[in-house]
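Here is a short briefing for a first look at this structure. Keep the 3D view open while reading.

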Amino acid sequence: HLPHKRSPYMLPAPATKMILVRDSGLAAIALNDYSVLIYDTSSLSVIRRFGTKSSLSVHQGPISDMAFSPDGRSLYTASWDSTLRVWDVPTDSCLDWLRFKSPPTSITVSPTGEFLATSHTGSVGLNVWSDRSFYETVYTDGEPPSTPWRMDEPTPLSETWEVVEANPATEKVVSKKPQQILEESEGPPVPKDKGLITLSGLPPSHWKNLFRLELVKERNKPMEAPKKPPSAPFFLQWRAGESMDGLEQKTKDNGPKEDEDEWAAAWSDDEEDEGRGQIGAEGVLVKPKRDLDDFDSNPTPKKRKIRHARSHLASLLHTCSSQEGSKNEGDARFRAVTEYIATLGPSGIDVAMSTLCAGLHDMEEGLPLLRITAQWLIEELRSNERYEVINAYLHRFLHIHGSVIAGIEEKGFALGDETDDKEAVASEREQLTRLLHELRGGQWNGSYALRTKMQQTTCLLRHFSRMV
C-alpha cells in the first residue's frame with residue numbers, strides 16, 4: 001500500500017501505551033504528558049483528547065493501563081497517582097474519578113461491561129468492581145467530578161454488603177449500610193430549568209409492570225383449585241391423672257331426665273317471651289305497661305357514625321385536598337401522595353387505587369375520591385416531574401375506574417334511590433367531568449412536547465452524522 005497523504009501523524013508528546021478497538025476502529029494512545037488521544041484509524045484523524053493540562057480532569061502521574069468498554073463508548077484509564085478515570089467518548093467528558101489506596105497497575109473490563117478487574121501494587125490478588133449504572137439510574141450533570149471517590153479495596157473476610165465513602169474532613173473511610181443509603185436518598189432529580197421534564201429514578205419494574213399487571217396475575221394464577229385437607233380424627237378430651245370410671249358413675253347417677261331438663265332450660269325462650277305482649281281473654285294482644293321511670297327526661301343524643309378511611313391512599317388524598325392551595329405554582333399539595341405511592345409495588349398500587357370507588361353504586365363516597373385523584377394527577381402532570389411513573393399511574397387509574405368514568409359522562413346517567421344527597425353527588429359529577437377533560441388536555445400537551453423534542457433531537461443527530 002502507498003502511504004496515505006495524511007501520514008505520518010506527529011503526536012504532541014511521546015506515546016507510552018496504545019490499545020485498539022477493532023469493531024469501531026478507535027485507538028487510545030497514552031502520552032508522556034499524562035493525556036490520552038483517541039485516534040480514528042478509518043479517517044486517520046484525532047477525534048478526542050482527554051486529560052490535557054488546560055482541562056479540569058488531569059492525571060497527576062503516568063498512565064499505567066487503559067481499557068475500552070464493550071460498546072466503545074467509555075474509556076478507563078489507570079494512573080500511577082492511585083486514581084482511575086472513566087471518560088465518555090461521545091461527549092468528551094469525565095464521568096467518574098476513583099482513588100485507591102495503592103496505584104493500579106492493570107485494568108480489564110468484562111465482556112458485558114458490568115465488572116471491572118484491577119490489580120494494585122503490593123497485592124497479589126485481583127479486585128473486581130461492579131458498575132452501579134447496571135442496577136440503578138445514574139444521572140450526570142455534564143460537569144467533571146471535583147473530588148475523587150475513595151475506594152476501599154475489598155477483602156475476602158467481609159460478609160456484609162456495605163458502601164464505603166470517605167469523609168473529606170477527617171480523611172477517614174466511613175461505611176454505610178443499605179438502609180442508611182435509602183434513608184439519605186434525596187428523591188428524584190431536580191430540573192435545571194423550569195418546565196423541563198424529569199424522570200423519577202425509580203426501578204423500571206415499579207412502573208412497567210403496571211401496564212401488564214393483568215398478564216402477571218393470569219400467569220401467577222394457581223393451576224389447580226385448593227384441595228380440602230383430610231379431616232382430623234375425633235379424640236375425646238381426657239386429663240392425665242383422672243380415671244374414666246368416676247365420670248361414667250356421675251353420668252349414671254344424674255340420669256337421663258336431668259340431662260334433658262338442663263338442655264331444655266338452656267334452649268328456653270322464656271326470657272324473650274317476658275318482653276312480648278300477652279293474649280287477653282278476648283284474644284287481643286295486650287302490650288305490657290312500662291313505668292314512667294324507664295323514660296329519661298333528657299335522653300342522650302345519638303352518636304355520630306364513625307367513618308374509617310378506605311385505605312391509606314384515600315386518607316392522604318383527603319388530607320392533601322383539605323390544605324389550602326398555595327399561590328406559587330411550584331408548591332405542590334399532593335407531594336405526600338406521590339411519595340407514598342412510590343413506596344408501593346405494582347400490586348399495592350393496584351389495590352390502593354381499587355379502593356377509591358367500588359362502582360356506580362358507590363357515588364356518594366367514591367365520587368369525591370375520584371375527583372381528588374384527578375386533581376392530584378393534573379398537578380403532577382403540570383409539574384413535569386416523575387414523568388414516566390405519573391403516566392403509568394394515570395394509565396392504571398383509567399384502567400380500574402374506566403367503566404365508572406364512562407358511566408358518569410353518559411347523558412343518561414341517573415342517581416339511584418339509595419343516594420341520600422343527590423345535589424352533592426350531581427355537583428361532584430360535574431366537577432369530575434370538567435377535571436377529566438382538563439386531565440386529558442394536560443397529558444396530551446406533555447406527550448406532544450416530549451415527542452416534539454425527541455423528533456428535533458433525532459433530526460439533528462441524523463443531520464450531524466451525515467456531515468461527518
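A salt bridge is a side-chain nitrogen of Lys or Arg within 4 Å of a carboxyl oxygen of Asp or Glu. By this rule the count is 11 salt bridges. The model is predicted: local features need pLDDT of at least 70, side-chain atom pairs count only at pLDDT 80 or more, and totals for chains, interfaces and linings use all residues. Residues are numbered from 1 along each chain as its sequence is written, and side-chain values use heavy atoms, leaving out hydrogens and water.

**Confidence**

- pLDDT is the predictor's confidence in each residue, from 0 to 100.
- The protein chain has a mean pLDDT of 76, and 68% of its residues reach 70 or more.
- Residues 157-161 stay under 50 in pLDDT, and the model has two contacts for them beyond four places in sequence. Contact means heavy atoms within 4.5 Å.
- Residues 326-330 are also below 50, and this stretch has two contacts beyond near neighbours in sequence.
- Where pLDDT is low, the predicted coordinates should not be read in detail.

**Salt bridges**

- Arginine 396 pairs with glutamate 214, with the closest N and O atoms 2.6 Å apart.
- This pair links distant parts of the chain: arginine 396 lies in helix α10 (residues 387-409) and glutamate 214 in helix α3 (residues 213-219), 182 residues apart. Helices (H or I, at least four residues) and strands (E, at least two) are DSSP runs, numbered from the N terminus.
- Arginine 396 is buried, at 1% relative accessible area, while glutamate 214 is partly exposed at 33%. Buried means under 20%, exposed over 50%, and partly exposed in between (1.4 Å probe, protein chains only).
- Aspartate 362 forms a salt bridge with arginine 310, their closest N and O atoms being 2.5 Å apart.
- Aspartate 362 sits in the loop between α8 (346-354) and α9, and arginine 310 in the loop between β16 (285-286) and α6 (312-322), 52 residues apart.
- Aspartate 362 is buried at 13% relative accessibility, whereas arginine 310 is partly exposed at 31%.

**Helix packing**

- The axes of helix α7 (residues 335-342) and helix α9 (residues 363-383) come within 10 Å and cross at roughly 90 degrees. Axes are lines fitted to C-alpha atoms, for helices over the stretch in contact, and angles run from 0 to 180 degrees between N-to-C directions.
- Arg335, Val337, Thr338 and Ile341 of α7 make the contact with Trp376, Glu379 and Glu380 of α9.
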